[in-house]
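Let's look at how the terms used for a protein model can be checked against their definitions. Here is the structure to keep in view while we talk.

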Amino acid sequence: MTKITFVQPSGVEATVEATSGLSLMEAALHNGVEGILAECNGAAACATCHVVLPKAVYDRLDAPEDHEEDMLDFTEAERQPCSRLSCQVRVSDDMDGMVVHIPGE
Ligand code: FES
């Protein structure tokens, strides 16, 4: 299991145990993390699963596909350099201890 901490815009934190291979969005939903709505159920079509990753993690992932980039553009107000759609990010063992920020609306 991989421990991941989600930080709400308010600063409230929730640390969850995630199974490698699940998406980060699924890990959040399975553990009742607020702020990850996932309205399109992981189809990269809603951007309600937007998170900001640590730069070190962001840099070692494959770059977002074009459709993810397009959806992230809809979050323009909150988009940050390490923004990703959590439904497009797979949990891996090397993410243990990762802290993920959930942007404000
Ligand atoms: S769940 Fe809709 S874009 Fe990720």
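Q: Where is Asn 41 found?
A: Asn 41 is found in the loop between helix 1 (24–30) and strand 3. Helices (H or I, at least four residues) and strands (E, at least two) are DSSP runs, numbered from the N terminus.

Q: What should I know about the model before going on?
A: This is a predicted model, in which local features need pLDDT of at least 70, side-chain atom pairs count only at pLDDT 80 or more, and totals for chains, interfaces and linings use all residues. Residues are numbered from 1 along each chain as its sequence is written, and side-chain values use heavy atoms, with hydrogens and water left out.

Q: Why is Asn 41 called exposed?
A: Its relative accessible area is 64%, and the label exposed is given over 50% (buried means under 20%, partly exposed is in between; 1.4 Å probe, protein chains only). Asn 41 is therefore exposed.

Q: What makes the backbone of Asn 41 worth a look?
A: Asn 41 has a positive phi of about 60° although it is not a glycine. Most residues other than glycine have a negative phi.

Q: Which value of phi does Ala 44 have, and is Ala 44 buried or exposed?
A: Ala 44 also is not a glycine, and its phi is positive, about 55°. Ala 44 sits in the loop between helix 1 and strand 3. With a relative accessibility of 7%, Ala 44 counts as buried.

Q: How do you know whether Glu 39 is buried or exposed?
A: Glu 39 has a relative accessible area of 61%, so it is exposed. Glu 39 lies in the loop between helix 1 and strand 3.

Q: Which residues does Glu 39 contact, leaving aside its neighbours within four places in sequence?
A: Contact means heavy atoms within 4.5 Å. With those neighbours left aside, Glu 39 is in contact with Cys 46 and Thr 48. The C-alpha atoms of Glu 39 and Cys 49 are separated by 8.1 Å, and these two residues are ten apart along the chain.

Q: Why does Ala 28 count as buried?
A: Ala 28 has 0% relative accessibility, so it counts as buried. Ala 28 is part of helix 1. Not counting residues up to four places away in sequence, Ala 28 touches Phe 6, Val 33 and Ile 36. Ala 28 and Ile 4 are 24 residues apart in sequence, and their C-alpha atoms are 9.1 Å apart in space.

Q: What makes Val 16 a buried residue?
A: Val 16 has a relative accessible area of 4%, so it is buried. Val 16 has its place in strand 2 (residues 13–18). Beyond its neighbours within four places in sequence, its contacts include Ile 4, Phe 6, Ala 27 and Val 33. Val 16 and Asp 66 are 50 residues apart along the chain, with 29 Å between their C-alpha atoms.

Q: Why is Thr 75 counted as buried?
A: Its relative accessibility is 7%, so Thr 75 counts as buried. Thr 75 is placed in the loop between helix 3 and strand 4. Apart from neighbours within four places in sequence, Thr 75 is in contact with Ala 47 and His 50.

Q: How do you know where the buried residues of helix 3 lie around the helix?
A: In helix 3 (residues 66–73), the buried residues are Glu 68, Met 71 and Leu 72. Seen down the helix axis, they fall within an arc of 100°, so they line one face of the helix. The arc is that of the directions from the helix axis to the C-beta atoms. These buried residues pack against strand 3 (50–52) and strand 4 (83–85).

Q: Which pattern does the chain follow along the sequence, and why is it called as compact as a globular protein of that length?
A: The chain has three helices and five strands, in the pattern β-β-α-β-α-α-β-β. Its radius of gyration is 12 Å, close to the 13 Å that the globule rule gives for 105 residues, so the chain is as compact as a globular protein of that length. The radius is taken over C-alpha atoms, and the rule is 2.2 Å times the number of residues to the power 0.38.

Q: How much of the chain counts as buried?
A: Of the 105 residues, 43% count as buried.
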